[in-house]
Amino acid sequence: MSAWVEITATGPLCTVQDAAGRPGRADLGIGVSGAADRAALRRANRLVGNDEAAAGLEVTFGGLRFRVTTTTVVALTGAPAPMTVGARPGDPHRPVVVPAGTEVALGTPPSGLRSYVAVRGGIAVDPVLGSRATDTVAGLGPPVLAVGTELPVGPPPSSPVPAVDVAPEAGLVGELVLGVVPGPRHDWFTDAALATFLRAAWTVTEDANRVGFRLEGPELARTAERDGAELPSEGVIRGSVQVPPSGRPTVFLADHPVTGGYPVIGVVLDADTDRAGQLRPGATVRFRRASVSETSRP
Amino acid sequence: MTRSLRPCGDTGLLVELDTLAEVLGLHAALAADPPEGVVDLVPAARTVLLRVRSAADLPGVAQEVRDRRATSPGTREAGGEVTEIAVTYDGEDLDEVAAHTGLDHDEILEAHAGRVWTVAFAGFTPGFGYLAPEDGDPRLHVPRRASSRTRVPAGAVGLAGEFSGVYPRESPGGWQLIGRTDHVLWDLERDPPAVLVPGARVRFRPT
């Protein structure tokens, strides 16, 4: 008998995601998408014995409730939303047995933004262009989860549920520092603006979703010769920090557009974009200058 | 040809070129024989972005792009099948395009339908191709609209800058609209789902 996850409540936004998304199609205008915190989803998959590439649930700011039709094992990672399995508490960062028909409920996480739920066997919706991820902008992949959504679960993997008590992860409390490589368009800004960018404490605004988040902080001035200039649109990647004429940066996340028309002052290191995906409105973030090593500098 | 290489984090490299033709040439050369580790190529108006699997791939990829500067002629082979797209030229911005170009409606139609266009690159939304005239005819160069429309219907044919394009799905948009087509440009049952992939050739036929 095939197993299903039945959604009984969603918080602000719940989607199906996988870690890899849709690489290799950017020249068709199709972005990578996938989990905003890929590392957390991979950890959740490992905790239930899944392949790291399996699809799971990305839960923004808690609020998800679901039942499973067959007794299975789930794991919660990322933002530590309090979880209950029926009447019992369920711990994050460890495999949790969920009996058939029992409701699992996630509260509001005290820190971080996005929680990940892996179900043993993985969410087995049909892939679209090679991925089960929902791209909220391009409209690819399964629809955003709603009450009544039923999601198929794949067959249990051959690997067992690992014998771990708990696999803790780095906390999501306090100021986050992200490594950033200046460029490709740092030369559109004054030296003082680049220094300010790397020194300031930035606040994440309410303008935050899977595309990216806007930052509040000091204005970043362009050089006199670039003032008012227009950049022909060019390719951008996850982690790009784009600065529109207002001078207030936007950091791109999983569902960013394939190209952008504003200069990118710096790009967050790929590994650090996972933690960037955990920044909630009101959080403080700083940027630390990172360099592509001397040998790999173009 | 200037081919400046700019850093783009620890998994990207942005190659900057002088002309669209050079972009098309480099993209074609890289797409035909991608350097080891390259996962995505994003051609745009004056740049090609290379995204690599991991930071360890960057040095080799950068070296290969530099080496190819010496050998690549920087042009794309012309030729290949031409897709015909039937267009009804009754767009809301025909008068504005006429004012910008000095052409009347018939001359706009002739300039648009009278030549083969090539998809230079895609972007904005899945399936949206930026089409450039193969013969470089500059008569239809127009600025974007001063303000974007919140809703442009699927199939709308527009102009902006040096490009023409067809909206594959309903979306917001700021291009000058000159017509519409029923041609399905985005279909998830196909792979690739887009008709207007980089390098594809198109001729518009008035209905």
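Of the 298 residues in chain A of this predicted model, 53% are buried; a residue counts as buried if 20 or more other C-beta atoms, placed from the backbone, lie within 10 Å of its own. The model is a predicted one, in which local features need pLDDT of at least 70, side-chain atom pairs count only at pLDDT 80 or more, and totals for chains, interfaces and linings use all residues. Residues are numbered from 1 along each chain as its sequence is written, while chains are lettered from A in the order in which they are written.

Chain A holds three helices and 20 strands, where helices (H or I, at least four residues) and strands (E, at least two) are DSSP runs numbered from the N terminus. Chain A is as compact as a globular protein of 298 residues, because its radius of gyration of 20 Å is close to the 19 Å of the globule rule. The radius is taken over C-alpha atoms, and the rule is 2.2 Å times the number of residues to the power 0.38. Along the principal axes, the C-alpha atoms of chain A fill a box of roughly 65 × 40 × 40 Å. Among the contacts in chain A with a separation of 6 or more, 77% join residues 24 or more positions apart; a contact requires C-beta atoms, placed from the backbone, within 7 Å.

Chain A is assigned domain 1 (3-153) and domain 2 (176-296), with bounds from an automatic or database domain assignment. The contact between them takes 21 residues from domain 1 and 15 residues from domain 2. On the domain 1 side, helix 1 (residues 38-47) of chain A gives the largest share, three residues. This side has nine nonpolar, eight polar and four charged residues, with Ala, Val, Leu, Ile, Met, Phe, Trp, Tyr, Cys and Pro as nonpolar, Asp, Glu, Lys and Arg as charged, and the others, Gly among them, as polar. The C-alpha centres of the two domains lie 28 Å apart.

Between the chains, 29 residues of chain A are in contact with 38 residues of chain B. Strand 15 (234-235) and strand 19 (264-268) of chain A each supply at least two residues of the chain A side. That side divides into 16 nonpolar, nine polar and four charged residues.

In chain B, an open sheet of four strands has the order 1-2-4-3 with antiparallel pairing; strands pair if DSSP finds at least two bridges between them. Strand 1 (4-7) and strand 3 (38-43) of chain B are the edge strands. Strand 2 (residues 12-16) and strand 4 (residues 47-52) of chain B pair over five bridges, and B:Val15 stands opposite B:Val48.

Key: Two residues are in contact if their C-beta atoms, placed from the backbone, lie within 7 Å. A residue is buried if 20 or more other C-beta atoms lie within 10 Å of its own, exposed if 12 or fewer, and partly exposed in between; C-beta atoms are placed from the backbone.
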